[in-house]
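Hi,

Here is the structure I said I would pass on. Have a look at it first, then read my notes below.

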Amino acid sequence: MALAASLFLRQSQSLVMTPQLMQSIQLLQMTHLELNQFIEQELEKNPLLEVVSGDEGARDDERGTDAYSLPSEDRARAEDVSSEEGFQPDLYDSATMSAGSASETSDGGLDNMFPDDAGPRAADAPELIDQWKSMPGGEGGESYDLDDFVAGRETLRDVLGAQLPFLLSDPIDRLVAQHLIDQLDEAGYLQGSTAETALRLGKPVAEVDRVLYRLQELDPPGVFARSLGECLAIQLRARDRFDPAMATLIDNLELLARRDFATLKKLCGVNEEDLLDMLAEIRKLDPKPGTRYETSLSEAVVPDIVVRAAQDGSWHVELNADTLPRVLVNRDYYASVSSRTRRDSEDQGFLNECLQTANWLTRSLDQRARTIMKVASEIVRQQDAFLLHGVDHLRPLNLKTIAEAIKMHESTVSRVTSNKFMLTPRGLFELKYFFTVSIGSAEGGDSHSAESVRHRIRTMITQEQPDAVLSDDDIVDILRKGGVDLARRTVAKYREAMNIPSSVQRRREKRAHAKAAAS
């Protein structure tokens with residue numbers, strides 16, 4: 001058969017992952033903090049992009065810019081709400097005129113009506129006028145920055161460093177102590193070994209150990225410990241409660257963690273009442289004494305979606321405006337620069353590329369907001385009973401159900417629900433919280449959510465009495481009567497995941513607490 005060259009016209013479809021498409025997928029799963037950081041990086045590279053506050057958004061049309069804001073459905077809903085409330089500009093103008101006439105007819109004007117807003121007057125305190133004008137927020141000054149008034153928090157090293165001169169008088173001992181202080185972690189435990197410190201400083205190990213034992217006398221009690229047992233022992237010595245029985249208990253903390261009280265009573269040589277007193281004393285101790293001086297600030301979680309009850313009994317779902325940056329494309333600047341450059345110049349090519357990137361970013365952000373809104377609205381529709389009645393009515397839900405309802409892929413729903421939070425009348429929840437495993441019904445009815453079943457188990461164990469502690473079999477029977485078909489091993493797995501001890505351990509602890517309370 002002869003070989004010959006020929007031309008064929010063939011049409012096919014293929015999915016090409018362009019860099020912009022990959023970037024859009026990454027935007028979808030970003031948190032609002034990561035999104036703000038990404039936008040800041042784009043602002044540095046693209047001169048056509050701007051981020052403005054809500055006050056400046058009203059002038060977008062005048063500046064000839066394209067804005068990324070909430071989806072059109074939300075804007076239409078907001079317009080309907082404003083029209084229902086009956087906003088009338090004429091009433092606003094008349095109110096403004098009334099305020100102006102009131103200021104003219106009053107005796108001293110607005111300064112007399114609101115003296116606190118006008119600052120100190122020369123007649124009252126002439127020596128304070130110059131000081132007030134020079135302060136931030138005064139006349140001609142800048143606004144107040146509350147961070148300037150926040151007192152600095154003491155760190156653990158600051159507290160220990162302030163006590164060091166009163167504990168050690170020898171300069172060499174203080175030098176060793178400073179090296180040991182630098183080896184403390186956030187909990188106040190000594191991470192390095194005294195042998196390494198002695199080798200680094202060229203001192204005998206016994207000298208470093210001597211300084212370490214002196215440092216263990218500092219406040220807070222328990223610092224410079226090398227283990228949990230040593231930390232508790234230091235605090236018990238400070239309380240004068242470190243007797244031989246307590247020392248034996250500290251040496252067998254693994255038995256205490258397993259709640260093997262029978263073995264502990266034999267090892268310590270005490271009865272049940274004495275053991276309860278020793279356990280109560282240990283509960284008063286601080287296993288991490290250095291954390292009280294922790295300097296890291298806890299960050300509040302900002303919800304991405306807000307759910308409110310509407311007047312008609314439905315739910316009003318909206319995106320949190322604080323998590324939606326307002327990105328603008330400055331077309332006026334593009335037109336001004338383009339008019340001064342040639343079409344085939346390198347600058348014009350750069351501008352065109354910036355315009356294309358800016359348009360893509362605004363469209364991607366708008367699509368991200370729409371997708372989050374669709375997923376959140378469907379979750380609220382599926383979990384309506386939870387919002388009304390609580391966690392007992394949380395329905396089993398998976399990504400496939402949401403994806404089929406909104407005509408999207410499961411991977412898209414998974415990216416949307418990652419690290420996104422929803423503020424509801426029931427509290428603040430991560431979107432992943434609403435997706436739980438389905439547990440079959442004992443009576444052939446609707447399935448139950450695994451989270452609601454765990455909540456039932458936790459509630460039953462919390463309400464049990466010392467003389468009627470529920471075993472795992474008892475919990476299975478109660479759940480089956482309530483319509484939940486659950487195996488005993490599953491109950492045990494849920495109980496252990498919630499750090500709830502077995503029925504034997506709970507019975508022993510509750511009886512001991514009851515005796516202690518009665519005495």
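**What I found**

This is a predicted model, and its chain has 25 helices and nine strands. Of the 519 residues, 35% count as buried. If you take contacts between residues at least 6 apart in sequence, 61% of them join residues at least 24 apart.

Next, the inside. The largest nonpolar core holds 30 residues, and those touching the most other members are Ile305, Val307, Ile379, Ile402 and Met422. At least two residues of this core come from each of β3 (305-309), β4 (315-319), α18 (346-382), α19 (384-389), α20 (399-406) and α21 (410-417). The biggest giver is α18, with seven residues. There is also a second, separate core of 19 residues, which includes Leu156, Leu160, Ala198 and Val208. As background, nonpolar side chains tend to be buried together in soluble globular proteins.

Now try strand β6 (residues 421-424).

With β3 it pairs in the parallel sense over two bridges, and Met422 in β6 is the bridge partner of Ile305. β6 and strand β7 (residues 427-430) run antiparallel, joined by four bridges, with Leu428 in β7 as the bridge partner of Leu423. Two residues sit between β6 and β7 in the hairpin they form.

How values were computed: Residues are numbered from 1 along each chain as its sequence is written. This is a predicted model: local features need pLDDT of at least 70, side-chain atom pairs count only at pLDDT 80 or more; totals for chains, interfaces and linings use all residues. Side-chain values use heavy atoms; hydrogens and water are left out. Buried means under 20% relative accessible area, exposed over 50%, partly exposed in between (1.4 Å probe, protein chains only). Contact means heavy atoms within 4.5 Å. A nonpolar core is a set of buried Ala, Val, Leu, Ile, Met, Phe, Trp, Tyr and Cys residues joined through side-chain atoms within 4.5 Å. Two strands pair if DSSP finds at least two bridges between them.
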